[in-house]
Amino acid sequence: MQSTPTDGRAQLVMMHLTDSALPTGGFSHSFGLETYLHRELVTSAENFATWLRGYIHQSAYNDALVACLAAKVAKQPFDDSLRDQLRRLDQLAHITLIPRQIRTANSAMGQRMAKIAPAVLPDSPVLSYYCAGVLAGDMFGSPALTHGLTLSAAGFDVTSAVRSYLMQMTTSLTTNAIRGIPLGQDSGQRILSEMHQVIEDTVTVVATLDYIDLGTTSPGLEIAQMTHETHRSRMFMS
């Protein structure tokens, strides 16, 4: 029997996947932030908050949209059509990431999520199918895709699945900024609170998008992500 968002189990699934201690490997990746640190464009809580707002907004056309599309797929009957949709979405989630380090990071974190998610929600056929395909090497793996599938299969609506993913992503990036800039813990918590409305605005944008919009990105961020692999010294892998 599928859980609903009011069930304790469904709530625990969401809290499990949004826990900042979830071992996906996100602590190893700055997703381009480190380039801004090297250029001394992000040096304080204030300009990190500006950078983070931009990152969250652009995610509407990338990871957040992937989570949204995955959550919609999980609402459908589990049949061959659904399997085909999952494979297509997994491919698009991978090939629309142009910087090599970001593709590598996404797949690595996707592999970790493919191990974690079935343990969190073991009775979902669609989630089990996708995660087994990732671990077998038949699919690339995407943490956003897995997150959307898991929350949707647990009984949450699409909007809640997207909101949950964005909060998890924002928490991970802020945690890395606390180490990388560095920021104080209090500043990090204040920034997270400031991002609540940004997340809500992004959720609203994502609801208006579809497959045709996937892969749109901010050129400055994408160039920073490409540049990262040429740095002589690095704290993060991306």
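**Close-up 1. Aromatic pairs in the predicted model.** The count comes to four aromatic pairs in this predicted model. One of them joins Tyr-36 and Trp-51, an edge-to-face pair with 6.2 Å from centre to centre and 65° between the planes. This pair links distant parts of the chain. Tyr-36 belongs to helix H2 (residues 33-38), Trp-51 to helix H3 (residues 45-59), and the two are 15 residues apart. Tyr-36 and Trp-51 are both buried.

**Close-up 2. The stacked pair of Phe-48 and Trp-51****.** The ring centres of Phe-48 and Trp-51 are 6.0 Å apart. Their planes meet at 20°, and planes under 30 degrees apart count as stacked, so this pair is stacked. Both residues lie in helix H3. They are three residues apart, about one turn of the helix. Phe-48 is buried, and Trp-51 is buried too. A single aromatic cluster takes in Tyr-36, Phe-48, Trp-51 and Tyr-55.

**Close-up 3. Phe-48 and the largest nonpolar core****.** This core holds 76 residues. Phe-48, Trp-51 and Leu-149 touch the most other members. H4 supplies the largest share of the core, ten residues. What does Phe-48 touch, not counting residues up to four places away in sequence? Its contacts are Leu-33, Val-42, Leu-173, Thr-174, Ala-177, Ile-181, Leu-183 and Ile-191.

Close-up 4. Pro-182 sits in the loop between helix H9 (158-180) and helix H10 (185-206).

**Close-up 5. Arg-83 over two aromatic rings****.** The charged end of Arg-83 sits over the ring of Phe-78. The distance to the centre of the Phe-78 ring is 4.4 Å. Arg-83 also lies over the face of Tyr-129. Here the distance to the ring centre is 5.5 Å.

**Close-up 6. Asp-63, a buried acidic residue without a salt bridge****.** Asp-63 is found in helix H4, which spans residues 63-74. The residue is buried, yet it has no salt bridge. Which side chain of opposite charge is nearest to Asp-63? That side chain is Arg-103, 12 Å away. A salt bridge needs a side-chain nitrogen within 4 Å of a carboxyl oxygen. Leaving aside neighbours within four places in sequence, Asp-63 is in contact with Asn-106, Ala-144 and Tyr-165.

**Close-up 7. Positive phi at Phe-31** **and Glu-40****.** Phe-31 is not a glycine, but its phi is positive, about 55°. Phe-31 is placed in the loop between helix H1 (8-17) and H2. Glu-40 is not a glycine either, and its phi is positive at about 60°. Glu-40 is placed in the loop between H2 and H3. Is each residue buried or exposed? Phe-31 has 11% relative accessibility, so it counts as buried. Glu-40 has 63% relative accessibility, so it counts as exposed.

Key
Residues numbered from 1 in each chain as written. Predicted model: local features only at pLDDT ≥ 70, side-chain atom pairs only at ≥ 80, totals over all residues. Heavy atoms only, no water. Phe/Tyr/Trp six-rings, centres within 6.5 Å; stacked < 30°, edge-to-face > 60°. Helix = DSSP H or I, 4+ residues; strand = E, 2+ residues; numbered from the N terminus. Buried < 20%, exposed > 50% of the residue type's maximum accessible area, 1.4 Å probe, protein only. Lys NZ or Arg CZ within 6 Å of the ring centre and 35° of its normal. Contact = heavy atoms within 4.5 Å. Core = buried A, V, L, I, M, F, W, Y, C linked by side-chain atoms within 4.5 Å.
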